[in-house]
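Trainee: Could you go through this one with me? I'd like to begin with the charged side chains.

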Amino acid sequence: MDIISQLQGQVNTIASLTFNTFGTLQRDSPPVRLSPNYPEPPANPTEDAADFAQQPKLMGAALVKAAKQFDALVAALPLADGGEEGQLKRIAELQAENDAVGQELQRQLEAAEKELREVRELFGQSVENCLNLKKPD
């Protein structure tokens with residue numbers, strides 16, 4: 001897999017971890033009293049306080065690990081040679097190569113169309129010859 005695909009995969013992993021972290025924190029966080037005018041919110045008896053306290057730490061560690069892997073992938077990207085001038089020169093070279101290949105493909109297309117016309121003409125002649133044959137009496 002190329003480096004860009006790996007980077008995209010890592011971005012997807014970070015997004016997934018972030019989404020799951022926020023969702024879990026919203027789902028599992030204990031209710032908070034908004035104002036003294038409101039009654040005390042009911043406690044969530046099924047949640048274990050020790051597990052909830054560990055979840056943000058574990059999820060944060062997973063996010064940090066994913067971010068470090070992303071940074072390592074970015075550091076592995078090849079550096080641009082020659083700066084902007086080098087890139088423009090490379091683009092010009094690639095454009096010239098593309099033009100040459102395009103001209104060759106155009107020549108091949110024209111040759112193929114000519115051959116197709118010839119084949120169709122020969123096929124038409126052979127059909128005519130077959131249709132013009134007389135059946136024996």
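Mentor: Let us start with R90 and E93, which sit 3 residues apart in helix 3, so that about one helical turn separates them. Please keep in mind throughout that this is a predicted model.

Trainee: What do R90 and E93 form, and how far apart are the closest N and O atoms?

Mentor: They form a salt bridge, in which the closest N and O atoms are 3.7 Å apart; the cut-off for such a pair is 4 Å, so this one counts.

Trainee: How many salt bridges does the structure hold?

Mentor: It holds 2, and the other pair is R107 with E104, whose side chains meet at 2.7 Å, N to O. Both of these residues lie in helix 3 as well, 3 residues apart, or about one turn of the helix.

Trainee: Switching topic, which residues form a nonpolar patch on the surface?

Mentor: F123, V127 and L131 form that patch, and together they have about 320 Å² of accessible area. L131 belongs to helix 3, which covers residues 83-132, and with a relative accessible area of 63% this leucine is exposed.

Trainee: Now helix 1: what should its 26 residues span, and how far apart are its end C-alpha atoms?

Mentor: Helix 1 runs over residues 3-28, and at 1.5 Å a residue it should span 38 Å; the C-alpha atoms at its ends are 37 Å apart, which agrees with that expectation.

Trainee: Which residues of helix 1 are buried?

Mentor: They are L7, Q10, T21, T24 and D28. Taking T24 as an example from helix 1, its relative accessible area is 11%, and since buried means under 20%, this threonine qualifies.

Trainee: What does T24 touch, not counting residues up to four places away in sequence?

Mentor: With those sequence neighbours set aside, T24 touches S29, Q55 and M59.

Note on methods: Residues numbered from 1 in each chain as written. Predicted model: local features only at pLDDT ≥ 70, side-chain atom pairs only at ≥ 80, totals over all residues. Heavy atoms only, no water. Helix = DSSP H or I, 4+ residues; strand = E, 2+ residues; numbered from the N terminus. Expected span 1.5 Å × (residues − 1). Buried < 20%, exposed > 50% of the residue type's maximum accessible area, 1.4 Å probe, protein only. Patch = residues over 30% accessible without salt bridge, like charges linked within 9 Å, V, L, I, M, F, W, Y side chains within 5 Å. Areas by Shrake-Rupley, 256 points an atom, 1.4 Å probe, with all protein chains shown as cover. Contact = heavy atoms within 4.5 Å.
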